[in-house]
Amino acid sequence: YQPVKHDLRQFGGPEDGSVVDGIVQEIDVATGLVVFEWHSLDHVGPEEGTSNLPSESGQSRFDYFHINSVDEDVDGGLVVSARRTDAVYKIDRRTGEVAWRLGGNRSDFELGKGVEFFLQHDARVQSDGSIRIFDNSSEPEGGRSRDITVALDHRRGTATLVRDVGHPGTKLFAATQGNAQPLPDGGILLGWGSQGRVSEVGPKGGLRFDAELPDGFDSYRFYKGPWVGTPETSPRLAVEDAGDDRTDVYASFNGATEVDRWEVLAGDSDDALEPIGSAKRSGFETRIRVPGRPSRVTVRALDAEGEVLGTAKPIGGAAR
């Protein structure tokens with residue numbers, strides 16, 4: 001976001017103002033050299049900005065483009081999202097010229113029903129050539145945020161809505177930020193940006209996961225991926241008299257993702273504990289019912305190969 005001096009009177013700003021140039025760079029990580037650079041002001045004029053800069057605001061910078069995502073197309077071209085023009089651009093990597101515009105006030109495609117988007121983020125090329133876009137506002141003055149997939153017919157110059165996914169339970173509006181991530185089974189993860197919320201929607205539209213960050217926090221993007229948790233802490237346990245000379249042992253290991261089974265050890269002292277029961281891990285806390293009322297009890301977390309991941313500090317048995 002590079003400010004460049006510019007007369008902003010035609011946009012409702014001062015004569016001695018500036019516009020913000022949106023810059024794309026490709027950097028060779030090994031050498032640190034810039035191997036490609038593109039400037040929005042060289043190819044997209046400030047008049048493509050879809051909102052004027054209010055003169056009464058006293059602002060001297062017109063962020064007319066506001067680049068917020070770059071993706072590589074199958075032919076090596078770049079697909080760039082510009083929030084403040086309400087448009088997605090295809091850039092020819094060889095020449096830097098704009099190959100096409102989708103949306104905004106100079107769209108090269110006729111937008112089909114439900115395609116129009118505003119203030120978007122996270123424009124991504126799909127394997128079939130369609131474009132997936134996180135549409136922050138389905139109405140220019142604010143409204144329902146959603147993720148849309150758009151098929152482009154370059155010969156006919158049309159853009160057709162393929163998929164529209166929002167929150168299935170409520171109408172959410174992410175004023176800023178946001179993204180979506182298609183999942184292997186056909187579901188989709190939706191990050192609601194300024195809402196500080198993330199949702200996972202199944203292939204048939206059902207809500208599979210929904211969470212909110214604490215007040216005062218939001219997110220630019222959410223992603224779901226493989227993760228292995230190996231906490232430095234130890235497992236925890238609690239015991240309860242189950243009646244009929246039996247004991248319920250409750251085991252948990254916060255943050256551990258590889259627990260497959262729990263093993264209960266018991267005895268009359270901490271240095272004389274022997275296995276007396278086990279159970280498959282079930283949720284965050286697993287209940288294991290064992291015979292008798294042992295004096296001392298501990299649990300061991302085992303992975304799928306039977307390796308010990310952690311052992312809890314022994315505690316006294318259930319009250320008799």
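What share of the contacts in the protein with a separation of 6 or more is accounted for by residues 24 or more positions apart? The share is 47%, where contact means heavy atoms within 4.5 Å. The structure is a predicted model, in which local features need pLDDT of at least 70 and side-chain atom pairs count only at pLDDT 80 or more, while totals for chains, interfaces and linings use all residues. Residues are numbered from 1 along each chain as its sequence is written, and side-chain values use heavy atoms, with hydrogens and water left out.

The secondary structure comes to one helix and 26 strands; these are DSSP runs numbered from the N terminus, with helices (H or I) of at least four residues and strands (E) of at least two. The protein is more spread out than a compact globule, because its radius of gyration is 28 Å, well over the 20 Å that the globule rule gives for 320 residues. This radius is taken over C-alpha atoms, and the rule is 2.2 Å times the number of residues to the power 0.38. Along the principal axes, the C-alpha atoms fill a box of roughly 85 × 45 × 40 Å.

Of the 320 residues, 44% are buried. Buried means under 20% relative accessible area, exposed means over 50%, and partly exposed lies in between, with a 1.4 Å probe and protein chains only. The protein exposes about 17000 Å², of which carbon and sulfur atoms supply 47%; accessible areas come from the Shrake-Rupley method with a 1.4 Å probe, and for residues only the protein chains shown count as cover. There are 36 positive and 53 negative side chains, and the centres of the two sets lie 5 Å apart. In this count Lys and Arg are positive and Asp and Glu negative, while His and the chain ends are not counted. The place of a charge is taken as NZ of Lys, CZ of Arg, CG of Asp or CD of Glu.

Asn-68 is found in strand β6, residues 67-72, and Ser-81 in strand β7, residues 78-82. Asn-68 counts as buried because its relative accessibility is 6%; Ser-81 is buried as well, with a relative accessible area of 0%. Their side chains are joined by a polar contact of 2.8 Å. A polar contact is a pair of N or O atoms within 3.5 Å; within protein, one must be able to donate a hydrogen and the other to accept it, and residues adjacent in sequence count only if both atoms are side-chain atoms.

Gln-120 takes part in contacts with both residues. Its backbone oxygen lies 2.8 Å from a polar atom of the side chain of Asn-68, and its side chain forms a polar contact of 3.1 Å with that of Ser-81. Beyond four places in sequence, the residues in contact with Asn-68 include Tyr-1, Arg-83, His-121 and Tyr-220. For Ser-81, the corresponding residues include His-66, Ala-87, His-121 and Ala-123.

Leu-119 has a positive phi, near 60°, and is placed in the loop between β10 (110-111) and β11 (121-125). With a relative accessible area of 23%, Leu-119 is partly exposed. Asp-245, which is not a glycine, also has a positive phi of about 60°; it lies in the loop between β19 (236-243) and β20 (246-252). Asp-245 counts as partly exposed because its relative accessibility is 47%.

Three further positions complete the account. Lys-5, in strand β1 (residues 2-6), is exposed, with a relative accessible area of 80%. Leaving aside neighbours within four places in sequence, Lys-5 is in contact with Gly-17 and Ser-18. Its C-alpha atom is separated by 8.7 Å from that of Arg-61, 56 residues apart along the chain.

Thr-149, by contrast, is buried at 13% relative accessible area and belongs to strand β13, residues 146-153. Among the residues it touches, not counting those up to four places away in sequence, are Ile-131, Leu-161 and Val-162. Gly-143 is placed in the loop between β12 (131-135) and β13 and is buried, with a relative accessible area of 9%. Gly-143 and Phe-173 are 30 residues apart in sequence and 5.7 Å apart in space, C-alpha to C-alpha. Phe-173 is also one of the residues in contact with Gly-143, together with Ser-137, Lys-171 and Leu-172.
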